[in-house]
Amino acid sequence: MPFSITFITNDGKVVSVPEKANLLRTSIREKGGIPFKCGAGICGTCKCKIEKGLENTDPIKDRERNHLTEADFAAGHRMACQTFVHGDIAVSWVPLALRPPLKPRPASVPPPSGESG
Ligand code: FES
(Lines give C-alpha, C1' and ligand atoms only; values in the text may rest on other atoms or scores of the structure.)
Protein backbone atom coordinates (compact mmCIF):
# COMPACT_ATOMS: atom_id res chain seq x y z
CA MET A 1 0.00 0.00 0.00
CA PRO A 2 1.42 3.41 -0.91
CA PHE A 3 2.57 5.68 1.90
CA SER A 4 4.17 9.09 2.20
CA ILE A 5 7.51 10.47 3.31
CA THR A 6 7.57 14.08 4.47
CA PHE A 7 10.97 15.79 4.17
CA ILE A 8 10.48 18.39 6.89
CA THR A 9 13.80 20.17 6.38
CA ASN A 10 13.07 20.50 2.65
CA ASP A 11 10.09 22.82 3.16
CA GLY A 12 7.94 19.85 4.16
CA LYS A 13 8.12 18.24 0.73
CA VAL A 14 5.87 15.16 0.61
CA VAL A 15 6.45 12.24 -1.72
CA SER A 16 4.35 9.15 -2.26
CA VAL A 17 6.16 5.83 -2.10
CA PRO A 18 4.57 2.70 -3.61
CA GLU A 19 6.24 0.08 -1.42
CA LYS A 20 8.89 -0.53 1.25
CA ALA A 21 11.88 1.60 0.32
CA ASN A 22 15.29 2.72 1.48
CA LEU A 23 15.03 6.21 2.95
CA LEU A 24 18.19 7.66 1.38
CA ARG A 25 17.51 6.15 -2.05
CA THR A 26 14.02 7.61 -1.98
CA SER A 27 15.42 10.98 -0.91
CA ILE A 28 17.91 10.95 -3.80
CA ARG A 29 15.35 9.83 -6.36
CA GLU A 30 12.70 12.31 -5.23
CA LYS A 31 15.11 15.17 -4.41
CA GLY A 32 14.15 14.97 -0.75
CA GLY A 33 17.41 16.60 0.26
CA ILE A 34 18.83 14.37 3.01
CA PRO A 35 22.63 14.95 2.97
CA PHE A 36 24.82 11.95 2.15
CA LYS A 37 28.26 10.95 0.97
CA CYS A 38 28.96 7.23 1.04
CA GLY A 39 25.50 5.69 0.96
CA ALA A 40 26.98 2.71 2.78
CA GLY A 41 26.79 3.42 6.50
CA ILE A 42 30.38 4.62 6.76
CA CYS A 43 30.52 8.43 6.72
CA GLY A 44 27.63 9.33 9.03
CA THR A 45 26.50 12.21 6.81
CA CYS A 46 22.95 10.90 6.37
CA LYS A 47 22.08 11.15 10.06
CA CYS A 48 18.46 12.23 10.31
CA LYS A 49 15.61 12.25 12.75
CA ILE A 50 12.33 10.41 12.25
CA GLU A 51 9.95 12.97 13.69
CA LYS A 52 6.83 10.90 13.01
CA GLY A 53 6.31 7.26 12.11
CA LEU A 54 9.38 5.73 13.76
CA GLU A 55 7.30 2.55 14.03
CA ASN A 56 7.25 2.48 10.22
CA THR A 57 11.01 1.99 9.96
CA ASP A 58 12.91 -1.28 10.05
CA PRO A 59 15.26 -2.45 12.84
CA ILE A 60 18.45 -0.53 13.65
CA LYS A 61 21.56 -1.83 11.86
CA ASP A 62 25.00 -2.36 13.36
CA ARG A 63 26.46 0.27 11.05
CA GLU A 64 24.13 2.86 12.55
CA ARG A 65 25.54 2.08 15.99
CA ASN A 66 28.93 3.35 14.80
CA HIS A 67 27.48 6.85 14.54
CA LEU A 68 24.50 6.99 16.88
CA THR A 69 24.04 6.29 20.59
CA GLU A 70 21.13 4.59 22.29
CA ALA A 71 19.97 8.07 23.33
CA ASP A 72 20.05 9.12 19.67
CA PHE A 73 17.93 6.12 18.68
CA ALA A 74 15.50 6.81 21.51
CA ALA A 75 15.11 10.34 20.14
CA GLY A 76 14.31 8.98 16.68
CA HIS A 77 17.67 9.42 14.96
CA ARG A 78 18.60 7.02 12.16
CA MET A 79 21.07 6.79 9.30
CA ALA A 80 18.98 7.31 6.17
CA CYS A 81 21.13 5.04 4.01
CA GLN A 82 20.60 2.14 6.41
CA THR A 83 16.89 2.66 7.04
CA PHE A 84 13.97 1.12 5.17
CA VAL A 85 10.52 2.63 5.47
CA HIS A 86 7.20 0.82 5.09
CA GLY A 87 4.65 3.41 6.19
CA ASP A 88 4.12 7.15 6.65
CA ILE A 89 7.05 9.00 8.19
CA ALA A 90 8.25 12.58 8.58
CA VAL A 91 12.01 13.12 8.64
CA SER A 92 14.21 16.10 9.52
CA TRP A 93 17.97 16.64 9.56
CA VAL A 94 20.59 19.25 10.35
CA PRO A 95 21.69 20.89 7.06
CA LEU A 96 25.38 20.37 6.32
CA ALA A 97 26.04 24.12 6.51
CA LEU A 98 24.85 24.16 10.12
CA ARG A 99 26.88 21.18 11.28
CA PRO A 100 30.08 21.65 13.23
CA PRO A 101 33.18 21.17 11.10
CA LEU A 102 34.79 17.77 11.22
CA LYS A 103 37.74 17.56 13.53
CA PRO A 104 40.97 17.83 11.56
CA ARG A 105 43.06 14.72 11.38
CA PRO A 106 46.10 14.83 13.66
CA ALA A 107 48.97 16.35 11.74
CA SER A 108 51.69 13.91 10.93
CA VAL A 109 54.92 14.45 12.78
CA PRO A 110 57.21 16.52 10.60
CA PRO A 111 60.56 15.03 9.83
CA PRO A 112 63.41 16.35 11.94
CA SER A 113 64.96 19.41 10.44
CA GLY A 114 68.42 20.83 10.66
CA GLU A 115 69.99 17.43 10.81
CA SER A 116 71.96 16.03 7.97
CA GLY A 117 73.67 12.71 7.57
S1 FES B 1 25.57 8.30 3.56
FE2 FES B 1 27.36 7.75 4.61
S3 FES B 1 26.58 6.77 6.39
FE4 FES B 1 24.79 7.13 5.21
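Modeller: Two strands are said to pair if DSSP finds at least two bridges between them. In this predicted model, five strands form an open sheet in the order β2-β1-β7-β4-β5, and the pairing is mixed.

Colleague: What makes β2 and β5 the edge strands?

Modeller: Each of them, β2 (13-17) and β5 (77-79), pairs on one side only. On average, neighbouring strands of this sheet are turned by 35° against each other, direction ignored.

Colleague: How do you know that β4 and β7 pair, and in which direction do they run?

Modeller: Three bridges join β4 to β7, and because a pair needs at least two bridges, these strands count as paired; they run antiparallel. Ile50, for instance, has Val91 in β7 as its bridge partner. The helix α1 packs on the sheet, where it touches β1, β2 and β7, and its direction makes about 115° with that of β2.

Colleague: What joins a sheet of this kind together in general?

Modeller: Strands of a sheet pair through backbone hydrogen bonds, and the pairing can be either parallel or antiparallel.

Colleague: Which bridge partners does Lys49 have in β5 and in β7?

Modeller: In β5 the bridge partner of Lys49 is His77, while in β7 the partner is Ser92. The pairing of β4 with β5 is antiparallel and extends over three bridges.

Colleague: What do β1 and β2 form, and how many residues lie between them?

Modeller: They form a hairpin, with five residues between the two strands. Phe3 stands opposite Val17 in β2.

Colleague: Why does Asp11 count as exposed?

Modeller: Asp11 has 7 C-beta neighbours inside 10 Å, and because a residue with 12 or fewer is called exposed, Asp11 counts as exposed. Asp11 is placed in the loop between β1 and β2, and it has a positive phi of about 55° although it is not a glycine.

Colleague: Why does Lys31 count as exposed?

Modeller: Lys31 has 10 C-beta neighbours inside 10 Å, and the limit for an exposed residue is 12 or fewer, so Lys31 counts as exposed.

Colleague: Which residues of the largest nonpolar core touch the most other members?

Modeller: That core has 16 residues, of which Leu24, Ile34, Cys46, Ala80 and Val91 touch the most other members. The elements that give two or more residues to the core are β1 (3-7), α1 (23-30), β4 (47-52) and β7 (89-92).

Colleague: With which residues is Leu24 in contact, leaving aside its neighbours within four places in sequence?

Modeller: Leu24 is in contact with Ile34, Phe36, Gly39, Cys46, Ala80 and Cys81; each contact means that the two C-beta atoms lie within 7 Å.

Colleague: How many helices and strands are there in the protein as a whole?

Modeller: The protein has three helices and seven strands, which follow the pattern β-β-β-α-β-α-α-β-β-β along the sequence. Of its 117 residues, 21% count as buried. Among contacts between residues at least 6 apart in sequence, 60% join residues at least 24 apart.

Definitions and conventions: Residues numbered from 1 in each chain as written. Predicted model: local features only at pLDDT ≥ 70, side-chain atom pairs only at ≥ 80, totals over all residues. Helix = DSSP H or I, 4+ residues; strand = E, 2+ residues; numbered from the N terminus. Buried ≥ 20, exposed ≤ 12 C-beta atoms within 10 Å, placed from the backbone. Core = buried A, V, L, I, M, F, W, Y, C linked by C-beta atoms within 7 Å. Axes fitted to C-alpha atoms, helices over the stretch in contact; angles between N-to-C directions.
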